[in-house]
Amino acid sequence: AYLIRIGSERRDYFMGKILAVDGGGSKLRMLLFDDDFKLLGQGLSGGVNVTQTTPENSRANVADCLGQVFKGERSVNLDRIYVVFVGPVNILYEGLEKYATVKEVVELGEAKAGMLAGIMEKEGILALSGTGCDVFYVREEESLNILLGGWGPILGDQGSGTWIGEEAIKAAVKYVEGWGKPTKIFSLIERDWKLEYPRQMIQIVHGAVAPFRVVASLTHIVGEAARAGDEVALEILAEAGELMAQQADCLIRREGIPDRYWKVACCGGAWKTHPKMFDTFRRRLEELYPNIQVYKPWFEHILAGLVNEMLLRGIPVEQGKQLIQEKFPDYVIN
C-alpha cells in the first residue's frame, strides 16, 4: 500500500471501499463509497473541534458517526480513507479500529479539501467560512498551504458563522433593551429557543457545553430574517462578506499571489445563509481584482475525497460533476 498525495500522477491504484471523513466545529460527516462511486453508508453527528466542544463530546460524536456508517458491521477492509479533521484526530483513528482495517490514509486538510469539493480544482484561493473562518493560498506541490485567519472565535473568525451568530444575538439584545434597531431576529430566536423571557438567552448560551456552537447555530435565523427583508440581518451578512473579502485581499497582497491562481472557491456553511454575503464578497473582490474568478461551492466538503478519486482516474470535470449530481444529489449545493 502507498499513500496517495494530492496531485500524484500515479494511476496504478486499486479502488475498493473508501471512507471520507470531514469534521469541524459544528458537525462531523462521514461517507463510505466503493469503486463505482456507489454510496454504501453515511453518518452525521456533532462537532469535533475542541476549541468549540469538549474532548468527551468530540469522542462521543466520532463514535456516533462511525456507528451510523457501519451499522454494527465489523472487520471491514478499507482501501483508503480521506480525512479532514479539525480536532484531535487520534480520537477518529481509535474509534475506527473497532470497525475496520485501513490500508492507506490521506489527510487532505481543509484547504485542499475545500478546493476539490468547491470547484474540482487543486490550486487557487479558498475562502472558508463555517463555524470558524480562514483564507488559504492552495498550491498542489506544497504540503503546507499559506493561511490567513484561523484564530478561533475569541481572537478572530470575523465573517464566520460564529461571528454572524454573535452579531445576531447582540442585535437581538439591543433591540429587546430598547437601544437597537428593530429586527425580526429576536422573535425568531424566541421561537426556536422557546424562550419564556429574554434573559433566558444567557443560560442557553453560557450554560452550554459548547457555547460558540450554540451561537453559530443562529446563522439560519439570520438567513430567515434576511429573506424576510430584515435590515439588521442583511447588514450583518453584508459585513460578513466584506470582512471575508478584506481577508482575501490581504492574503493576495501579502503573499503576492500571481493572477493565474486567482480562482477563489468559497466553502463552509456560513455562505449558505443568504446570497447577500456571497454577493458582497464577490463584488468587493471584483472591484479590487477585475480578472478574479469567485465561485460558490459546487459540493459539500465531504465529497473532497471522492472528487480526488475522480481526478486521479482522469475523469473530466464536467463528467465528474454529472456523476456526482446523479449519485450524490444530497451533497450537491444548489
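Salt bridges are the subject of this tour, and a search of the whole structure, which is a predicted model, finds 18 of them. Side chains of opposite charge can pair when their charged atoms come close.

Begin by selecting Glu 121 and Lys 263, whose side chains meet in a salt bridge with a distance of 3.0 Å from N to O. This pair links distant parts of the chain, since Glu 121 sits in the loop between helix H3 (110–119) and strand S8 (124–129), while Lys 263 belongs to strand S11 (residues 263–267), 142 residues apart. If you then show the surface, Glu 121 is partly exposed at a relative accessible area of 28%, and Lys 263 likewise counts as partly exposed, at 27%.

Next, select Arg 199 together with Glu 177, which form a salt bridge whose closest N and O atoms are 3.7 Å apart. Arg 199 lies in the loop between helix H5 (185–193) and helix H6 (200–206), and Glu 177 lies in helix H4 (residues 161–177), so the pair ties together parts that are 22 residues apart in sequence. Are these two residues buried or exposed? Both Arg 199 and Glu 177 are exposed.

Now move to helix H10 (residues 275–288), where Arg 282 and Asp 279 both lie, three residues apart, or about one turn of the helix. Their side chains meet in a salt bridge of 3.7 Å, N to O. Arg 282 is partly exposed, with a relative accessible area of 30%, and Asp 279 is partly exposed too, with 29%.

Key:
Residues are numbered from 1 along each chain as its sequence is written. This is a predicted model: local features need pLDDT of at least 70, side-chain atom pairs count only at pLDDT 80 or more; totals for chains, interfaces and linings use all residues. Side-chain values use heavy atoms; hydrogens and water are left out. A salt bridge is a side-chain nitrogen of Lys or Arg within 4 Å of a carboxyl oxygen of Asp or Glu. Helices (H or I, at least four residues) and strands (E, at least two) are DSSP runs, numbered from the N terminus. Buried means under 20% relative accessible area, exposed over 50%, partly exposed in between (1.4 Å probe, protein chains only).
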